[in-house]
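Take a look at the chain below. Then work through the questions one by one.

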Amino acid sequence: MPRLVMKFGGTSVADLDRIRNVARHVKREVDAGYDVAVVVSAMAGVTNQLVGYCRDAAILHDAREYDAVVATGEQVTAGLLAIVLEGMGVNARSWQGWQLPILTDDAHASARILDINGAELVKRFKERGQVAVIAGFQGVHKETGRITTLGRGGSDTSAVAVAAAIGAERCDIYTDVDGVYTTDPRVVPKARRLDKIAFEEMLELASLGAKVLQVRSVELGMVHNVRIFVRSSFDPPEKINPRDNPPGTLICDEGEIMEQHTVTGIAFSRDEAQISVREVLDKPGVAAAIFGPLAEANVNVDMIVQNVSGDGKTTDITFTVPASDYQRSLDVIAKAKRAVGYARLDGATDVAKISVIGIGMRSHAGVAAQAFKALAERSINIRAITTSEIKFSLLIDAAFTELAVRTLHSLYGLDKAA
Ligand code: ADP
Ligand code: ASP
Ligand code: MG
């Protein structure tokens, strides 16, 4: 029988009624002849609450214990869904990460999946026709046996990894929107749902701020060629015919996409901070003296802008870091002051990064220039710019985030017809 993975996020399992709704989606696919593995998130708000408990217990806490605490949310949902499915006459069993097992490395709180034993699931499909309800977000370190978690939003990654492990025909990601949109539909009501999006574009959208899929899930999908389909759990379960094309977005290879636009989507992130190192000596080794210690401190530096010095002596270097690493980064650079030799450090946390993404940019020039003009007409100042083959990103004042996203969304013809 063909195999299917169905993943349900937090709002889709927010309470028992929503879990019953999920069970009806699952039953529909079982009745249609699929062997089903379900991956569930914690009930809406639960992971945040658990993270809060850890923080309140001690600001600096052991990541192994953080994982022991935050992994519990998914355990509850998996058990409840298995109970509800059994009550509906669907044979089901829950599985935690350590039980399958889902083996990971030991990067607690942001672990990577190394291997999943899909054979046990397949055996149960064959012998008992049993639905596997798997707790997302969690795994177990392959040597210590300690529970790990995969980073926020990690259930998406659990689902795609399970789909690869059991050779699923598709990995359906059920969420609270009915697909991937040209930008966050909660911020831009005129955003349009995309029927298909290429892995490369989805990877950029996700890593540049669209939280609809965790970045690693898209990476895994790309490597293992898993067909990922983003759809809504809020569509009434019984009204959907699994044989028809239900509404949603397929993430697939570029070659499968017929209709090609220059720009596919716009992502944004307010989780950015800007740091400017002023009047650094314009000589070899300065960039290494700044970015070396930041890398050692595990700070993920993103946009980097350096001026060509006017007087041949000093220049400014500006870059961005995640807002949560802002203070730590300032401290690191202050410590390296003697090696770097700068005059001043400036910074700002009220900044946002807007990114425009599209494979079509490979073959179109002047796409970014249009954005500069449109933002200038609205008096939005651009602090920094980076470009790559299929995207460009602009750093602006956070207060203008929505205006900038809407402006660019219209500019590139992404608004849906009124
Ligand atoms: P889940 O709890 O199901 O994992 P998430 O909250 O993680 O759901 O992701 C779904 C949310 O992602 C949507 O509610 C939407 O606001 C947001 N989102 C951001 N960018 C996009 C986009 N381009 N397309 C669709 N949703 C997006
Ligand atoms: N419950 C986890 C989180 O909120 C994982 C997930 O929902 O994907 O981050
Ligand atoms: Mg999510």
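**Fold and strand pairing**

Q: What share of contacts in the protein chain between residues at least 6 apart in sequence joins residues at least 24 apart?
A: This is a predicted model. Contact means heavy atoms within 4.5 Å. Take the contacts between residues at least 6 apart in sequence; the share that joins residues at least 24 apart is 75%.

Q: How many helices and strands are there in the protein chain?
A: Both kinds of element are present in the chain. The counts are 13 helices and 18 strands.

Q: Why does the protein chain count as compact as a globular protein of its length?
A: The globule rule gives 22 Å for 418 residues. The radius of gyration is close to that value, so the chain is as compact as a globular protein of that length. The radius itself is 23 Å.

Q: Which strand does β13 join through 11 bridges?
A: Strand β13 covers residues 265–281. Its partner covers residues 344–357 and runs antiparallel to it. Within this pair, Ile-275 stands opposite Gly-347. The partner of β13 is β16.

Q: Which residue in β18 is the bridge partner of Lys-353?
A: β16 also pairs with β18, residues 391–397. That pairing is antiparallel and has seven bridges. In β18, the partner of Lys-353 is Leu-395.

Definitions and conventions
Residues are numbered from 1 along each chain as its sequence is written. Chains are lettered from A and ligands numbered from 1 in the order in which they are written. This is a predicted model: local features need pLDDT of at least 70, side-chain atom pairs count only at pLDDT 80 or more; totals for chains, interfaces and linings use all residues. Side-chain values use heavy atoms; hydrogens and water are left out. Helices (H or I, at least four residues) and strands (E, at least two) are DSSP runs, numbered from the N terminus. The radius of gyration is taken over C-alpha atoms; the globule rule is 2.2 Å times the number of residues to the power 0.38. Two strands pair if DSSP finds at least two bridges between them.
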